[in-house]
Amino acid sequence: MSSFFSKKCEYGLQAVLYLAAKEKDTLCSAEEISGELKIPKEFTSKILQDLTEKGIIFSRKGREGGFKLALKADQIKLIDIVEAVDGLQIFTGCVLGYQNCSKDEKCMFHNEWIEIISKAYDLFNSRTIDQFYKESLSKLKFSLVKETAKK
């Protein structure tokens, strides 16, 4: 099944879910995250940088460095991650890519597409990481599933 978001955004969502599942204040390296999520390390580093710049995750450089959530999981909406990585253009653009598609000059799918993206936006804007990460752990298939199951 194809995703609504870019691969980069999918990986950003997975990385934040991964960090949310870790013990509080545990720093994870980009290498650990990329290995567990099976994402190329360079790609992971860029995604983590984007999320750090937007204040979603915290980064510490150096030998004892790594990444962790910058906010509590219940303060991070899924839409915040989407915006940090992909931006919100997906929620405003024409499904066919027409630049002049608008309320006044509609393409053939305009009304249905607006309804779909409005529902998607509302879903991602109403859910926080703390509501979502436990449900997602089994899908991500990393060793943390066992660690979290013990809690």
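Helices (H or I, at least four residues) and strands (E, at least two) are DSSP runs, numbered from the N terminus. The model is predicted: local features need pLDDT of at least 70, side-chain atom pairs count only at pLDDT 80 or more, and totals for chains, interfaces and linings use all residues. Residue numbers start from 1 along each chain as its sequence is written, and side-chain values use heavy atoms, with hydrogens and water left out.

Figure 1. Helix α4 is mostly covered, with six of its eight residues buried. Buried means under 20% relative accessible area, exposed means over 50%, and partly exposed lies in between (1.4 Å probe, protein chains only). The buried residues of α4 are L78, I79, I81, V82, A84 and V85. Just after α4, G87 adopts a positive phi of about 85°.

**Figure 2. The protein chain as a whole.** Seven helices and two strands make up the elements of the protein chain. From the N terminus on, their order is α-α-α-β-β-α-α-α-α. The protein chain has 151 residues, of which 38% count as buried. Its accessible surface comes to about 9600 Å², and 50% of that belongs to carbon and sulfur atoms. Accessible areas come from the Shrake-Rupley method with a 1.4 Å probe; for residues, only the protein chains shown count as cover. A contact means heavy atoms within 4.5 Å. Among contacts in the protein chain between residues at least 6 apart in sequence, 63% join residues at least 24 apart.

**Figure 3. The surroundings of I33.** I33 lies in helix α2 (residues 30–37). I33 counts as buried because its relative accessible area is 0%. Which residues does I33 touch, not counting residues up to four places away in sequence? They are A15, Y18, L19, C28, T44, L48 and F67. From I33 to V16 the C-alpha to C-alpha distance is 9.8 Å, and the two are 17 residues apart in sequence.

Figure 4. Rings of Phe, Tyr and Trp (its six-membered ring) pair if their centres lie within 6.5 Å; planes under 30 degrees apart count as stacked, over 60 as edge-to-face and the rest as tilted. By this rule there are four aromatic pairs. Y11 and F43 form one that is edge-to-face, at 5.7 Å centre to centre and 85° between the planes. Y11 lies in helix α1 (residues 7–21) and F43 in helix α3 (residues 41–53), so the pair ties together parts that are 32 residues apart in sequence. Y11 is buried, at 16% relative accessibility. F43 is partly exposed, at 29% relative accessible area. Ring pairs also link F5, F91, Y121 and F124 into a cluster.

Figure 5. A charge sits over a ring if NZ of Lys or CZ of Arg is within 6 Å of the ring centre and within 35 degrees of the ring normal. The charged end of K68 sits over the ring of F58, 5.4 Å from its centre. A salt bridge is a side-chain nitrogen of Lys or Arg within 4 Å of a carboxyl oxygen of Asp or Glu. K68 forms a salt bridge with D25, the closest N and O atoms being 2.8 Å apart. This pair links distant parts of the chain: D25 is in the loop between α1 and α2, and K68 is in strand β2 (residues 66–69), 43 residues apart.

Figure 6. The structure holds six salt bridges. In one of them E10 pairs with K7, the closest N and O atoms being 3.2 Å apart. Both residues lie in helix α1, three residues apart, about one turn of the helix. K7 counts as partly exposed, at 46% relative accessibility. D50 forms a salt bridge with K46, and here the closest N and O atoms are 2.8 Å apart. D50 and K46 are four residues apart in helix α3, so about one helical turn separates them. D50 is buried, with a relative accessible area of 9%. K46 is partly exposed, at 37% relative accessibility. Salt bridges that share partners join K8, K46 and D50 into one network.

**Figure 7. A nonpolar surface patch around L96.** Patches are made of residues with over 30% relative accessible area and no salt bridge: like charges are joined within 9 Å, nonpolar side chains (Val, Leu, Ile, Met, Phe, Trp, Tyr) within 5 Å. V95, L96, Y98, M108 and F109 form a nonpolar patch on the surface, with about 490 Å² of accessible area together. L96 lies in the loop between α4 (78–85) and α5 (110–126). L96 counts as partly exposed because its relative accessibility is 38%.
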